[in-house]
Amino acid sequence: MMSATDNIRMLFGDAICMYLPVDAQDVSKIRDIPDNQEVFTHSVTDQSVIIEILEYVNEPDIQALRTHFEDLATSNDAIGNEDCEICEVKQIPQERMSMTQCQQAWYLTGHQNIAKFNEEVDAKNLVQIHMALFRLPQFGTDILLTFNDPSIISPLSSSHGAIPVATQPWTLETFQHMTATLQVLDTGLFG
């Protein structure tokens, strides 16, 4: 699945690798990130991707994915039907995965209305949320990739402003390529 031209990045102390766009900025260089996360932002847009190593949610796969989405909504203060919605859930086919340790992976798309940096409610932005959940029950682990893609920025948000015309935002295909190239190289990461 990976070609010589891919920008493969080593993550979690070289235990995991995956494709990341060339313009992905490592957030840990500007602020503290929990040890179970790797966080990258687009160099110009407010898009971000988060890779998380989480405790296995002992629920059926689709419910576990919903639980992770609802946990994100809670941390984003995006509670309620008008602030949070799941639009689609589907299984990722085995042939679209590079992670040999994973037998079940799921994709979710939804949206949340999120105020950035605890800004006022009127400053909420509509953010498309794309998640890929890789289930690793043999290690008691879920690996969660989340792509945050703001689609409507509130005029009251600190993010409101012109984005240069030449900017190439990340796309759903970019995220799907990330998920397709995710590999665990060292299962010792899981303890």
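In this predicted model, Phe139 has a relative accessibility of 27% and therefore counts as partly exposed, since it falls between the limits of 20% and 50%. Phe190, at 14% relative accessibility, is by contrast buried, because its value is under 20%.

The chain that holds these residues has 191 residues, of which 48% count as buried, and it contains two helices and 10 strands. Along the sequence these elements follow the pattern β-β-β-β-β-α-β-β-β-β-α-β. Of the contacts between residues at least 6 apart in sequence, 61% join residues at least 24 apart. The chain exposes about 9,900 Å², and carbon and sulfur atoms supply 50% of that area.

Four aromatic pairs are counted in the model. In one of them, the ring centres of Phe139 and Phe190 lie 5.1 Å apart with the planes at 35°, so the pair is tilted. This pair links distant parts of the chain, with Phe139 in the loop between strand E8 (124-136) and strand E9 (141-152) and Phe190 in the segment after strand E10 (183-184), 51 residues apart. The rings of Phe147 and Trp170 also form a tilted pair, their centres being 6.4 Å apart and their planes at 45°. Because Phe147 lies in strand E9 and Trp170 in the loop between E9 and helix H2 (172-181), this pair ties together parts that are 23 residues apart in sequence. Phe147 is buried, with a relative accessible area of 1%, and Trp170 is buried at 5%. Together with Tyr107 and Phe175, Phe147 and Trp170 form one aromatic cluster.

Note on methods:
Residues are numbered from 1 along each chain as its sequence is written. This is a predicted model: local features need pLDDT of at least 70, side-chain atom pairs count only at pLDDT 80 or more; totals for chains, interfaces and linings use all residues. Side-chain values use heavy atoms; hydrogens and water are left out. Helices (H or I, at least four residues) and strands (E, at least two) are DSSP runs, numbered from the N terminus. Buried means under 20% relative accessible area, exposed over 50%, partly exposed in between (1.4 Å probe, protein chains only). Contact means heavy atoms within 4.5 Å. Accessible areas come from the Shrake-Rupley method with a 1.4 Å probe; for residues, only the protein chains shown count as cover. Rings of Phe, Tyr and Trp (its six-membered ring) pair if their centres lie within 6.5 Å; planes under 30 degrees apart count as stacked, over 60 as edge-to-face and the rest as tilted.
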